[in-house]
Amino acid sequence: MVREDKATWKANYFTKLTTLLDEYPKCFIVGADNVGSKQMQEIRIALRGQAVVLMGKNTMMRKAIRGHIEKNPDLERLLPYIKMNVGFVFTKEDLIKIRDMLLANKVKAPAKAGALAPLNVVVPAQNTGMGPEKTSFFQALAIPTKITKGTIEIINDVDLIMAGDRVGMSEATLLNMLKVSPFTYGLIVQKVYDSVVGGKGTQGDR
């Protein structure tokens, strides 16, 4: 299979995006942080026949929209939201239905050192099943423990990570040792566009 050159690929991308903007009256701008290629493929399969997912470079998305504004001036309202790692989900279906399908396609993920925590992580009181030799590791994280029947028991629930904080190496190691995957990742709706509502218009989302 001959790989198309960059200029041809860009031209085809612009054509595809403008065609979707013409064909579909509604779309979401979605954040795609931490969504891997396998998960993205599963989301596309889940939405097949009901919505179309289109990712791409922000500069190309903005350029395609600017080139289409003369035909549909309302699209200009989308431009401020095309930043960071985002894409489009186009649909003719009910927006709430598609949003719920996106929410259903989140996957659990382990905490990785250096990642921003999307939520608070609490380690509940529990017997860890680990031997006493790991006690110093818990002490370093200021986690109260005791030895019960030769294994480490966490005495109290512990607020380990706060939303917005970067996950530390020790916190990530502990959660992996406890076999806890505290985060879920998927496409996050950041902006809703519905050309049918009130004639033409964009609706905020979150």
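**Entry: the largest pocket.** I worked on a predicted model. I first looked up the lining of the largest pocket and found that 20 residues form it. Asp33, Asn34, Pro118, Ile188 and Gln190 are the lining residues that lie nearest the centre of the pocket. I then noted a volume of about 470 Å³ for the largest pocket.

I next asked which strands each supply at least two residues of this lining. Sorted by class, the lining holds 10 nonpolar residues, 6 polar residues and 4 charged residues.

**Entry: the protein as a whole.** I turned to the secondary structure and recorded 6 helices and 12 strands. For the overall form, I looked up the radius of gyration, which is 23 Å in this protein. A compact globule of 206 residues would have a value near 17 Å. The C-alpha trace spans about 70 × 45 × 30 Å along the principal axes.

I also looked up contacts between residues at least 6 apart in sequence. Of these contacts, 75% join residues at least 24 apart.

**Entry: surface and burial.** I noted an accessible surface of about 11800 Å² for the protein. Carbon and sulfur atoms account for 53% of that surface. Of the 206 residues, 41% count as buried.

**Entry: lysine 149.** I then examined backbone angles. Lysine 149 has a phi near 50°, a positive value in a residue other than glycine. I located lysine 149 in the loop that runs between strand 7 (145-148) and strand 8 (151-154). Is lysine 149 buried or exposed? Its relative accessible area is 85%. Because a residue counts as exposed when this value is over 50%, lysine 149 is exposed.

**Entry: lysine 179.** I found a positive phi at lysine 179 as well, about 60°, although this residue is not a glycine. Where is lysine 179 found? I placed lysine 179 in the loop between helix 6 (169-177) and strand 10 (183-185).

Note on methods: Residues are numbered from 1 along each chain as its sequence is written. This is a predicted model: local features need pLDDT of at least 70, side-chain atom pairs count only at pLDDT 80 or more; totals for chains, interfaces and linings use all residues. Side-chain values use heavy atoms; hydrogens and water are left out. Helices (H or I, at least four residues) and strands (E, at least two) are DSSP runs, numbered from the N terminus. Buried means under 20% relative accessible area, exposed over 50%, partly exposed in between (1.4 Å probe, protein chains only). On a 1 Å grid over the protein atoms alone, a cavity is a set of points where a 1.4 Å probe fits but cannot get out, and a pocket is an open set with protein on both sides within 12 Å along at least five of seven lines; lining residues have an atom within 4 Å of a point. Grid points are joined across faces, edges and corners, and a volume is the space filled by probe spheres set on the points. Ala, Val, Leu, Ile, Met, Phe, Trp, Tyr, Cys and Pro count as nonpolar, Asp, Glu, Lys and Arg as charged, and the others, Gly among them, as polar. The radius of gyration is taken over C-alpha atoms; the globule rule is 2.2 Å times the number of residues to the power 0.38. Contact means heavy atoms within 4.5 Å. Accessible areas come from the Shrake-Rupley method with a 1.4 Å probe; for residues, only the protein chains shown count as cover.
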